[in-house]
Amino acid sequence: MIISVMSKDRPGIIADVTGAIFELEGDLADLNQSVLCGYLTMILIATFNSSITPEDVIAKLSHTTSEEKFDVLVKKVDTPIEILKARMPEKTYILTAQGKNKSGLVHGISSFCYERGINILDLATTLADDQYTMILQLDLSHIAAIKDVRDDLAGYADKTGLRIVLQHNDIFRVTHEISMK
Amino acid sequence: MLRSDQILATVEMIQKENLDVRTVTMGINLLDCRGGNIKETCARIEKKITHLAGEFVPTCDLVSRRLGIPIVNKRISITPIAFVGAGFERGDFVELAKALDRAAGLVGVDILGGFSAQVEKGMTTTDREYIASIPEALAVTSKVCASINIGSSQKGINMDALDMVGRTVKELAERTKAQNGFGAAKFVVFCNQPGDNPFMAGAIHGLEEADAVLNVGVSGPGVIARALERLISTNGAENLRLDDLAEEIKQTTFRVTRCGELVGRQVSKALGIEFGVVDLSLAPTPTVGDSVGEILHILGVDAIGAPGSTAILAMLNDAVKKGGLFASKTVGGLSGAFIPVMEDALLAEAVGRGELCLEKLEAMTCVCSVGLDMVAIPGSVDAETISAIIADEMAIGMINNKTTAARLIPVPGKEAGDIVSFGGLFGASPIMPIRNVGKSSRFIAWGGRMPAPIHSFKN
């Protein structure tokens, strides 16, 4: 099952959520969580006995004793879930785009990617001093010539006033990690 | 997980701070190219170079585009030509230089090094013919660079060769008078010359090397200068001490070196040619913001050449090595900060203002690589004085077990304070005044050898 939990951040959320899964004799396979401006969201993959339904999981999670209830979504997946993390595609690139904050920036750049069949693997954005920064990790496996994307991006940068840079993920890997493997 | 602060730091490093891979240099062994006569030898050399390096430049361009890191120069280094051309005469060596120039042109590299000889102990007849060919060979070719090793910590200094190279430098400058003596910028004299240095004009493919190998020279004075400025503006100068600055240089060098290593390994893999070394040298360019001199300014001297300059350079050089050594599997070449006067806008300015003199520059070369590099001197300085300046630089290398080199350009018809410009990466500078000209000829006239220093006797 895929379980998604959203809550105001406080100590003990992970303990509560995983405790509920444990009590239902579930096996936690993978978990990813993120905190933004005091709110936590978490996505978990867990397997349960066939007798356990998504409603059971929601009910269990609703019985936590905190003052604020969790917002929970549970989805049952019939096909086996591939838990092993796939290798990063060879053509993984990092796109950084910076510019004056205004509405529609993320929508614009994500639409740019969508129109070209580019999948966004990860995205982080920050706002500082009215400057909005978007960092996207992209899979360019379906792109025949990176140069075409660069040319299109240059045009997009001119149109929007964003400063856009596209560089291979390997550069960031080797400059930020000890291992070169 | 994406760490935006780290990613932005790396993006800044590449986009705004002049991070590039200064050179990818393919070393090629030419010993098997010796034919029965000069024509056959030239043909074999051209064939071998075009065969091995045919795809070199396009492959570098491809990797550069894929990674988004510029590779500024694609170069070739070869087995020192005096070994390849054993038994040939002066005119033959000029033909060899032309063949190398043609081959370099065909494969599209920027420059080719290794028109060289190693004569630190003695000279063969071939070596003498080779030295005699240098002025013409470099004047009639455009991409060929020459170097000669005339000293080592093991063998001492060959003073006969020293006398010849002083005259060679003069003649080279005279022959290329129309370009302000530019020929002399393509000739460098070494003590303890490494066989895997990717930087010009002194790159050779040493006899100890495999058939073909790729060496990478990283760059990055601009990156280090900006990193230091950022650190100082974030923390405030009053809250930082010198060791904090050294640590910042170290960490920045790590990242710079990693980029070089990545590029080198990808080019090497694509070409199926063994990866050699990363040379960690900080190599400035005349571009504003890509200067070693600027780092000295940031680290606290208001004039380059002021007391403290040597100490700062020592710390910089050491921090660069410490950061780079951990970043790369194999480090070699020269690996230190370069202070080529004409190629570093701030050093050139310091010469113009009279803040940096030859004697201080010489002192600074004791603690960094590589030596008196790209120093324009008055055309009137005599050959013996030039030999003697080189002798001092060679002695520093010999006694300190380090590589030192001299690349002096006696600019014909110009005097101290006049400006000379070669354009591009070779840069421009005012001519540096030379004191005590003409007072060393009795020393140079001795000839013979300066014996190997005592610490070479370790067996």
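Tutor: Welcome! Local features in this predicted model need pLDDT of at least 70, and side-chain atom pairs count only at pLDDT 80 or more. Residues are numbered from 1 along each chain as its sequence is written.

Student: Why is Cys37(A) called exposed?

Tutor: Exposed means over 50% relative accessible area, buried under 20%, and partly exposed in between (1.4 Å probe, protein chains only). Cys37(A) has 76% relative accessibility, so Cys37(A) counts as exposed. Its place is the loop between strand 2 (27-36) and strand 3 (39-47) of chain A.

Student: And why does Asn180(B) count as partly exposed?

Tutor: Asn180(B) has 22% relative accessibility, so partly exposed is the term. Phi of Asn180(B) is near 60°, a positive value in a residue other than glycine.

Student: Why are helix 5 of chain A and helix 9 of chain B called oblique to each other?

Tutor: Angles under 35 degrees count as roughly parallel, over 145 as roughly antiparallel, 65 to 115 as roughly perpendicular and the rest as oblique. These helices, residues 169-176 of chain A and 242-271 of chain B, pack at about 130°, with axes 8 Å apart. Helix 5 of chain A and helix 9 of chain B are therefore oblique.

Student: What makes strand 1 and strand 4 of chain A a pair?

Tutor: Two strands pair if DSSP finds at least two bridges between them. Five bridges join strand 1 (residues 2-8) to strand 4 of chain A, and the two run antiparallel.

Definitions and conventions
Chains lettered and ligands numbered in written order. Heavy atoms only, no water. Helix = DSSP H or I, 4+ residues; strand = E, 2+ residues; numbered from the N terminus. Axes fitted to C-alpha atoms, helices over the stretch in contact; angles between N-to-C directions.
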